[in-house]
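Please look over the sequence and the structure below before reading on.

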Protein chains: 2
Amino acid sequence: MSETTNLHPGLSVDCVIFGFHENELKVLMLKMKQMDKWALPGGFVNIKEDVDKEAINILQRRTGLKDIFLHQFHLFGNVSRNNQAYVDKLVKKGVIEPDMKEWFQQRFITVGYYALVEFANVQEPTPDNISDKCEWLPLTELPDLILDHSEIIHKAHQTLKTQLIYQPIGINLLPEKFTMPELQALYETLLEKELDRRNFRRKMLAYDILIQTDERRKGGAHKAPILYKFDKDKYHQAIEKGLKSGW
Amino acid sequence: MSETTNLHPGLSVDCVIFGFHENELKVLMLKMKQMDKWALPGGFVNIKEDVDKEAINILQRRTGLKDIFLHQFHLFGNVSRNNQAYVDKLVKKGVIEPDMKEWFQQRFITVGYYALVEFANVQEPTPDNISDKCEWLPLTELPDLILDHSEIIHKAHQTLKTQLIYQPIGINLLPEKFTMPELQALYETLLEKELDRRNFRRKMLAYDILIQTDERRKGGAHKAPILYKFDKDKYHQAIEKGLKSGW
């Protein structure tokens, strides 16, 4: 980035990419060059581009990740979130060019986006020129982050949990056919708590988005559990209109 | 507003204030001076002020409304939402001073906030210097609005409907003691659809936020209906943690 005159002043974008894999929830983070701190993939918005569209471009430029559906969830606009001392340090360490100092010293507001992906399915993320690593880190053991990035991640996770109440989730995160315990494990991972097996089953079936197949998961000593798949029409209808449990 | 150097560049705020009264849903709108168009109360953000706090200030300056709890719900950031021809017209009509033309011609993103109030309880709204009326207009019969304000109102209403799925609503909108049909009428107004009486009752009681009093609403020929009130502790807990129907 050399031309800051093409950018929307005082505006940045930050992306919280949650990765789900084998019942673990991780977050895609960049390690800053010359510093022992990590940051969310983010950047600035071209003045001639829609903010939502630019968020997708930024994510791709910063991490190599393509075709991720991002949900905009919050604008972080507190004055306290800017940190002049931090900018000075970045300039001093050579992470930011001196002629970019003025740009970075503005008061910034940032728009938060999040996504949830099965990270085994996405191509290898690759760092950009201000970071030297791009990795999936466990949500529960995050290292030291820059600015208010911890708060942004926390808020994104809260929003994801709320989304589970009124929207279906699971397509692209589970194999095409899955067992009820596998679906429950996904919810438990996202909610960070255990759920009652019978209540979960009852509620999930009441949503009317599952098709029971006549196949069973083989292997294991126990009775082979039934395989389900999503009814894609009903699933997408529920995304539009909310789950049946709603009003 | 004369000093634009104190303002965060390219950023505005728009407030969708829904008013509920006698089972009708209205929106607080300002009529633009010299034009047959209406607008949401909104304005610009001081560079040294938190965006959320400034939204409350703007609402008060523009409408006289105080102590309204605003929910931030979306950033509208499409390039197409700006309209140079419209700014030219406002300058020509004398609504905008010529020395402010440059400020208004920037590309703006706007942060949307909404609130829901019992409008009989709020003091008289009063217009500011660029509008000549400030009125509650019925949501279903809105006049011609400026820019993308129709879209902002639509999105706010969608968000309000979704909020009903996971958060309680009713304190400050209903009298302290109310009947189940009165609570149902509130939901029906907000959702713009009829609900089944028995399902509504069952679901609402399952939320465990109501206290059944030993009083009944008197008058009328039918059997006097039972009065309920909110259990304030459980109500506020449900706002924090979500309703019992959630996961």
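Which residues does B:Ile17 touch, not counting those up to four places away in sequence? In this predicted model, the contacts of B:Ile17 are B:Val27, B:Leu28, B:Leu65, B:Ile68, B:Ala115 and B:Val117. B:Ile17 itself sits in strand 1 of chain B, which covers residues 7-21. B:Ile17 counts as buried because it has 25 C-beta neighbours inside 10 Å, where the cut-off is 20 or more. For a sense of distance along the chain, B:Gln212 is 195 residues from B:Ile17 in sequence, and their C-alpha atoms are 31 Å apart in space.

B:Phe18 has contacts of its own with B:Leu25, B:Val27, B:Tyr114, B:Ala115, B:Leu116 and B:Leu160, again leaving out residues up to four places away in sequence. The largest nonpolar core has 83 residues, and B:Phe18 is one of those that touch the most other members, together with B:Val16, A:Val16 and A:Phe18. Another core lies apart from that one; its 6 residues include A:Tyr166, B:Tyr166, B:Ile209 and B:Leu243.

Not every element of chain B is covered in this way. Helix 6 of chain B, residues 197-206, is hardly covered, and the count of buried residues among its 10 residues is 0. After helix 6 of chain B comes B:Asp208, which has a positive phi, near 60 degrees.

Chain A can now be taken as a whole. Its secondary structure consists of 7 helices and 9 strands. Along the principal axes, the C-alpha atoms of chain A fill a box of roughly 65 × 40 × 30 Å. Chain A has 247 residues, of which 28% are buried. Among the contacts in chain A with a separation of 6 or more, 72% join residues 24 or more positions apart.

Two domains are assigned in chain A: domain 1 spans 4-150 and domain 2 spans 166-241. Taken over C-alpha atoms, the centres of domain 1 and domain 2 of chain A are separated by 32 Å. Each domain of chain A gives 6 residues to the contact between them. On the side of domain 1 of chain A that touches domain 2, strand 2 (24-32) and strand 6 (109-118) are the elements that give two or more residues. That side of domain 1 of chain A is made up of 3 nonpolar, 1 polar and 2 charged residues.

The next subject is the contact between the chains. Chain A places 30 residues in contact with 30 residues of chain B. At least two residues of the side of chain A that touches chain B come from each of strand 1 (7-21), helix 1 (51-63), strand 5, strand 6, helix 4 (149-166) and helix 5 (180-191) of chain A. By class, the side of chain A that touches chain B has 15 nonpolar, 10 polar and 5 charged residues.

How are the two copies related? Chain A superposes on chain B by a rotation of 180 degrees with 0.0 Å of shift along the axis, at an RMSD of 0.0 Å. The two copies are therefore related as by a two-fold rotation axis. Both copies use the same surface, since 100% of the contact residues of chain A recur in chain B.

Confidence remains to be given. The model has an ipTM of 0.90 and a pTM of 0.91. In chain A the average pLDDT is 90, and 98% of the residues score at least 70.

Methods
Residues are numbered from 1 along each chain as its sequence is written. Chains are lettered from A and ligands numbered from 1 in the order in which they are written. This is a predicted model: local features need pLDDT of at least 70, side-chain atom pairs count only at pLDDT 80 or more; totals for chains, interfaces and linings use all residues. pLDDT is the predictor's confidence in each residue, from 0 to 100. Domain bounds come from an automatic or database domain assignment. Two residues are in contact if their C-beta atoms, placed from the backbone, lie within 7 Å. Helices (H or I, at least four residues) and strands (E, at least two) are DSSP runs, numbered from the N terminus. Ala, Val, Leu, Ile, Met, Phe, Trp, Tyr, Cys and Pro count as nonpolar, Asp, Glu, Lys and Arg as charged, and the others, Gly among them, as polar. A residue is buried if 20 or more other C-beta atoms lie within 10 Å of its own, exposed if 12 or fewer, and partly exposed in between; C-beta atoms are placed from the backbone. A nonpolar core is a set of buried Ala, Val, Leu, Ile, Met, Phe, Trp, Tyr and Cys residues joined through C-beta atoms within 7 Å. Copies are superposed by least squares on the C-alpha atoms of residues with pLDDT of at least 70 in both.
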